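I opened this entry to look up charged pairs and nonpolar packing. My notes follow in the order I took them.

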Amino acid sequence: MEVVAGCYEQVLFGFAVHPEPEADGHREQRWAPVADFTHHAHTASLSAVAVNSRFVVTGSKDETIHIYDMKKKVDHGALMHHNGTITCLKFHGNRHLISGAEDGLICVWDVRRWECLKAIRAHKGHVTFLSIHPSGKLALSVGTDKTLRTWNLVEGRSAFIKNIKQNAHIVEWSPKGEKYVVVILNRIDVYQLDTASVSGTITNARRVSSVAFLSESVLAVAGDEEVVRFFDCDSLTCLSEFKAHENRVKDMFSFETPEHRVLVTASSDGFIKMWKLKQDKKASPSLLCEINTNARLTCLGVWLDRRTDTKESPPVAAEPAPVSKEQSRRNKEESAHAVQEEEKQPKSDAEKCSLTGDSNKPTRGNSLASAKKRKTVEMSEKKRKKKKI
């Protein structure tokens, strides 16, 4: 496995982590981190990171999304479609990437061609966070327009808009997708999917910076402090808390191994720490390893090398093509007004974007940039005919 973390200093760090052989049966297990790579692609601080089985993508205040190939350990290019800081990045499987930014757009990307399939005018203000339902059919987003929006990803359209009294900055689905949480400052509202209403509220001591579901009902919460707390979303009680860092915790990531669940934390103190969680969440976790990056960390991810998992792996013929700077810049220029054109015109079935395979797969000809090209050509032809007359 590999831990990746972005920082204010414009660098993405990568650390390979391996379990150490146990000296005796009584000693707590420890993991050994080894520095693997540093990626200096951005010209401003990193704000978001996402990982799938092949790539790590990073978003930045420089308005670009950079792609790093974890198999080959090389820069794979950049995506330039957004205008504004990239605020959130989420992979759905190995076929799609979804990005959100301060320009109010949510973009759906084809990971095999690195093409923007759809750009949605999601919020009137910034898109601050988004989360994809485990089924891949729904997504939630929150923004600075004081709304919580539900998206039908099968049809690529808005499904529901809920007005909330304040600007939320985090939204997250539970592992089974039966509930979700919406975070506003230090308040965490727990929603049930079947009723789409708040079933309870959790209050943290400080502003919440990151949440991670450890199970369907247990939520890890980190804020502008050194402590991480575990809350029960059903009883709304704090199960336990522990001091994780010397400074505020900026991001967390949780994953499961065959033996136990692991929580990874990143802090402004420069440390990345990996914790082995006990089955009883009331017990404090044990430290597996810690890494000092000597940087002010902002975002975190874990790449798991699933060589045996061939279910979602692309065939050899579908090797993703690197993204050139010229191609990415041209795509951004051509699609600058595509969202406005899309809002004016009704959407045909061919233009709908599916992440689940329930509708027709989008092709290169259905991309926003291509649609814009066709529109421009048609208007030019009409003008020529009028001049002739």
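I looked up Arg149 and Asp145 first: their side chains meet in a salt bridge, with N to O at 3.3 Å. I count a salt bridge when a side-chain nitrogen of Lys or Arg is within 4 Å of a carboxyl oxygen of Asp or Glu. Arg149 is buried at 12% relative accessible area, and Asp145 is buried at 17%. Buried here is under 20% relative accessible area, exposed is over 50%, and partly exposed is in between (1.4 Å probe, protein chains only).

I note that the model is predicted: local features need pLDDT of at least 70 and side-chain atom pairs pLDDT 80 or more, while totals for chains, interfaces and linings use all residues. Numbering runs from 1 along each chain as its sequence is written, and side-chain values use heavy atoms, with hydrogens and water left out.

I then took the salt bridges as a set; the structure holds 16. One of them joins Glu9 to Arg296, the closest N and O atoms being 3.1 Å apart. Glu9 sits in the loop between strands E1 and E2 and Arg296 in the loop between E27 and E28, so the pair ties together parts 287 residues apart in sequence. Strands (E, at least two residues) and helices (H or I, at least four) are DSSP runs numbered from the N terminus. Glu9 is partly exposed at 35%, and Arg296 is partly exposed at 45%.

Arg113 pairs with Glu115 at 3.2 Å between the closest N and O atoms. Arg113 is partly exposed at 27%, whereas Glu115 is buried at 8%.

Next I checked the nonpolar cores, each a set of buried Ala, Val, Leu, Ile, Met, Phe, Trp, Tyr and Cys residues joined through side-chain atoms within 4.5 Å. The largest has 25 residues, and Leu148, Val182, Ile188, Val211 and Leu219 touch the most other members. Strands E13, E16, E17, E18, E20 and E21 each give two or more residues to this core. E17 gives the largest share, 5 residues. A second, separate core of 22 residues includes Val17, Ile272, Leu288 and Leu297.

Last, I wrote down the chain totals. The protein chain has 3 helices and 28 strands. Of its 389 residues, 53% count as buried. Among contacts (heavy atoms within 4.5 Å) with a separation of 6 or more, 47% are between residues 24 or more positions apart.
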